[in-house]
Amino acid sequence: MIFAVTAMGLCACTGGGINYADFISERRAQVYLYEDDNLTVKVHISSRETPYLSDGYKGEMGDLCEIFVKFSQNPDNVTVRLGESGGEMIYMSVTDSFYISFTGGDSGDSAKLTLTCDGEERQVEAPSVLYGGVISPEDALTGVVSYDGDTFAALTDGKNFEGEIYVRLLADEGKCYYYVGVIDRDGNTSAYLVDGENGNVIAERKL
């Protein structure tokens with residue numbers, strides 16, 4: 001179920017004057033990734049609403065940096081520094097990884113982190129997953145609007161969109177994708193996986 005997007009350079013709008021990009025309540029446009037045999041480090045850079053609620057309403061936005069660290073053998077204590085920010089990471093048993101978040105923005109081509117694991121310090125440089133030809137979150141949203149305009153039209157009342165939108169950059173085996181989620185005010189979600197280079201919708205699901 002692939003739909004070719006012919007208006008990739010345009011904003012995610014309809015003829016009624018709605019700019020759906022104005023209703024993005026989570027916009028992840030940068031991911032840094034480092035992997036070796038013993039360690040995986042992911043850094044997500046986003047702009048996200050606060051409080052973070054899937055309620056169909058866009059809240060006040062702020063910049064957010066999230067760091068996830070997974071070990072082949074878990075230490076007892078992990079702290080991380082990225083620039084002037086960081087601190088002690090918390091262990092999440094569900095994902096078997098360590099996590100921290102703080103206010104922060106894009107680090108350029110790579111994120112240079114200092115990990116301290118049970119007192120032992122290590123420098124890690126995680127490169128960006130972005131490469132030439134990856135589209136913007138707004139262009140990924142344009143692809144979804146073109147593919148499933150009925151879903152957006154059903155939530156559009158005059159010049160208002162009665163919902164909120166998540167657009168998250170993803171990376172898998174060296175290729176970029178976007179997750180686009182459309183949440184109505186009853187908490188229902190229409191989810192789409194979008195090719196990160198051409199904006200084609202390659203999978204969808206109703207949640």
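Predicted model: local features only at pLDDT ≥ 70, side-chain atom pairs only at ≥ 80, totals over all residues.
I began with strand E4 (residues 78-82), which four bridges join to E5 in an antiparallel run. Strands here are DSSP runs of E, at least two residues long, numbered from the N terminus, and two of them pair if DSSP finds at least two bridges between them. Within this pairing I found Thr79 opposite Glu88 in E5.

Residues are numbered from 1 along each chain as its sequence is written, and side-chain values use heavy atoms, with hydrogens and water left out.

Next I looked up the whole sheet. It is open, with four strands in the order E5-E4-E8-E9 and antiparallel pairing. Strands E5 (85-88) and E9 (120-127) are at the edges with a single partner strand each, so one side of each has no neighbour in the sheet.

Then I turned to the largest pocket, which holds about 260 Å³ of space. (A pocket is an open set of points on a 1 Å grid over the protein atoms alone, where a 1.4 Å probe fits, with protein on both sides within 12 Å along at least five of seven lines; lining residues have an atom within 4 Å of a point. The volume is the space filled by probe spheres set on the points.)

Which strand gives the most to this lining? I found that E9 does, with three residues. Strand E8 (110-117) and E9 each supply at least two. I also noted Asn38, Phe71 and Arg122 among the lining residues.
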